[in-house]
Amino acid sequence: MIGRQNRDQLEFFVCGSLRDLVPDEHILARVDRVLDLGWLKDDVADLYAPGVGRPGIDPEAAVRLMLAGFLLGIVHDRRLMREAQVNLAIRWFAGFGLHERLPDHSSLTRIRHRWGAERFRRIFARTVTACMTAGIAKGEVVHVDASLIRADVAWESLAVRHVDAVTNANGDRTAETQEGQRKSRKTGKFKKVCLTDPDATMATSGRNRRLEPSYKQHGTVDDECGVILDVEVTTGEINEGQAILDRLDAVAVATGASIGTVTADAGYAYAKVFAGLEAREITGVIPTKAEPIRSKVPLRRFRYDAKHDLVKCPRGKILRPNKAKISHGRFFASKARDCKGCDLAPLCLSASRVTKSVVIVHDYPALLRARRRRDRWSEEDDRLYRRHRWRSEGFHGEAKTWHGLARAVRRGLGNMRIQAFLTAAAINLKRLAAALLATIFALIAQQIPRNELTRA
Ligand code: SF4
């Protein structure tokens, strides 16, 4: 017989807790078992004047609302509060009763402004500590990667810096203007900027992809269970190599453990990164890059002698440093009389040059050692680098696919950092909840007495 559901409202009251209506396996119910925000009220107390004004939203309730949004992929405040009106699980998770009035969405915006990004970093840091205490993160083997996040700006908001001023100054001298533009593009004078979000900068994740106004998230993931140990957001144009050493130092402070091995992709393969890892006694599983300039007499045939600070060319002639300034290294040049009559000169020297110049980057010996190490990667190194792909890149994919990090929700670096911290905290809480569930299943499998199971 076909059943019939009575669509009229039958109950005026709900007896018991809203918790009874939320399934145990619901993500908010699972996260609630491992979430401890009891410390938060004291942490933000200095931002509120005691006994003055209307009582604000309970800080824990506000953070729980935000976390519920990130866990369920509802990252916009208006949408979140509309959903919370009818979603029992969100109401229960944030501590609001069935008939209780929910805060206005603008209250969450005000809280973010009042607290600032650092308070949200502390919430994220607490999840890292909880994962360390639970034993699902060790901080000894870590995977580092960065990912671009599209800024919340329209294409129409992009403008070319100074273009009007230059055009006006040049009047109708079209040819000169074009020449000036060509030169200025190299110096960044004609770089595109976002008028509505100046913190976002034009960046791309590949040579064949177009530049987009972006932020860059730098993430460090633990090898054990994929716990996120550190996350930081910069403007899109910041290079990975500029950020990695600071982030590793931050991880060591946050976890209290010394990092033994770090994996990263070739985007981090800079001499100064390898030198920084050596100074910290960290093993880097990072594939080195091919030589940027292809020549018939490649740079690797020029031997750098660190002891005497000179370079020997393939014919054994000496190249010495000259005074030409360059930000990332030094020029070493040969003498014209050495190259004159050299049989390799047609291949080695550029057209119309009578001497050879090579650039030796700062910390070049560390780069050479890293290249030699790359040639001798063990099976364990290969295994770790394979894990890098699904641990580190998996984190960015998870954050973008399920937690709304594919696009910035708000404008400005501070807001972007808050979004990244809350996303990372939500993912860590998921890991923690999964670990707790695994422990319970393990205890059930061992047929532990029921009273012990309840305590666990
Ligand atoms: S051209 Fe000069 S730098 Fe090049 S191999 Fe000959 S002597 Fe050495």
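## Aromatic pairs

Six aromatic pairs are counted by the ring rule, under which rings of Phe, Tyr and Trp (its six-membered ring) pair if their centres lie within 6.5 Å, with planes under 30 degrees apart counted as stacked, over 60 as edge-to-face and the rest as tilted. The pair of Tyr304 and Phe332 is edge-to-face, because the ring centres are 5.9 Å apart and the planes stand at 80°. This pair links distant parts of the chain, since Tyr304 belongs to strand 9 (residues 303-305) and Phe332 to strand 12 (residues 329-333), 28 residues apart; helices (H or I, at least four residues) and strands (E, at least two) are DSSP runs, numbered from the N terminus. Phe332 counts as buried because its relative accessibility is 0%, where buried means under 20% relative accessible area, exposed over 50% and partly exposed in between (1.4 Å probe, protein chains only).

The rings of Tyr304 and Tyr364 also form an edge-to-face pair, with centres 6.0 Å apart and planes at 80°. Here too distant parts of the chain are linked, with Tyr304 in strand 9 and Tyr364 in helix 13 (residues 364-375), 60 residues apart. Tyr364 has a relative accessible area of 5% and is therefore buried. Through these ring pairs, Tyr304, Phe332 and Tyr364 are joined into a cluster.

## Basis of the model

This is a predicted model, in which local features need pLDDT of at least 70 and side-chain atom pairs count only at pLDDT 80 or more, whereas totals for chains, interfaces and linings use all residues. Residues are numbered from 1 along each chain as its sequence is written, and side-chain values use heavy atoms, with hydrogens and water left out.

## Charges over rings

A charge sits over a ring if NZ of Lys or CZ of Arg is within 6 Å of the ring centre and within 35 degrees of the ring normal. Arg19 lies over the face of Trp92, at 5.3 Å from the ring centre, and the charged end of Arg64 is placed over the ring of Phe93, 4.9 Å from its centre.

## The ligand site

Which residues surround the ligand? They are Cys313, Arg315, Lys317, Asp338, Cys339, Cys342, Ala345, Cys348, Leu349 and Lys356, a residue being taken as near if one of its heavy atoms lies within 4 Å of the molecule. By class, this shell holds six nonpolar, no polar and four charged residues, with Ala, Val, Leu, Ile, Met, Phe, Trp, Tyr, Cys and Pro counted as nonpolar, Asp, Glu, Lys and Arg as charged, and the others, Gly among them, as polar. At least two residues of the shell come from each of helix 11 (336-339) and helix 12 (345-348).

The ligand sits in the largest cavity. A cavity is a set of points, on a 1 Å grid over the protein atoms alone, where a 1.4 Å probe fits but cannot get out, and a molecule sits in it if more than half of its atoms lie within 2 Å of its grid points.

## Positive phi values

Most residues other than glycine have a negative phi. Ser352, which is not a glycine, has a positive phi of about 70°; Ser352 lies in the loop between helix 12 and strand 13 (357-361) and counts as exposed at 79% relative accessibility. Asp363 has a positive phi near 65°, lies in the loop between strand 13 and helix 13, and is partly exposed at 38% relative accessibility.

## Contacts across the sequence

Trp402, in helix 14 (residues 379-402), is exposed with a relative accessible area of 59%. Trp402 and Gly73 are 329 residues apart in sequence, yet their C-alpha atoms are 5.7 Å apart in space.

Ser147, in strand 1 (residues 141-150), is buried with a relative accessible area of 14%. Between Ser147 and Ser205 the separation is 58 residues in sequence and 7.9 Å in space, C-alpha to C-alpha.

Terms used:
On a 1 Å grid over the protein atoms alone, a cavity is a set of points where a 1.4 Å probe fits but cannot get out, and a pocket is an open set with protein on both sides within 12 Å along at least five of seven lines; lining residues have an atom within 4 Å of a point.
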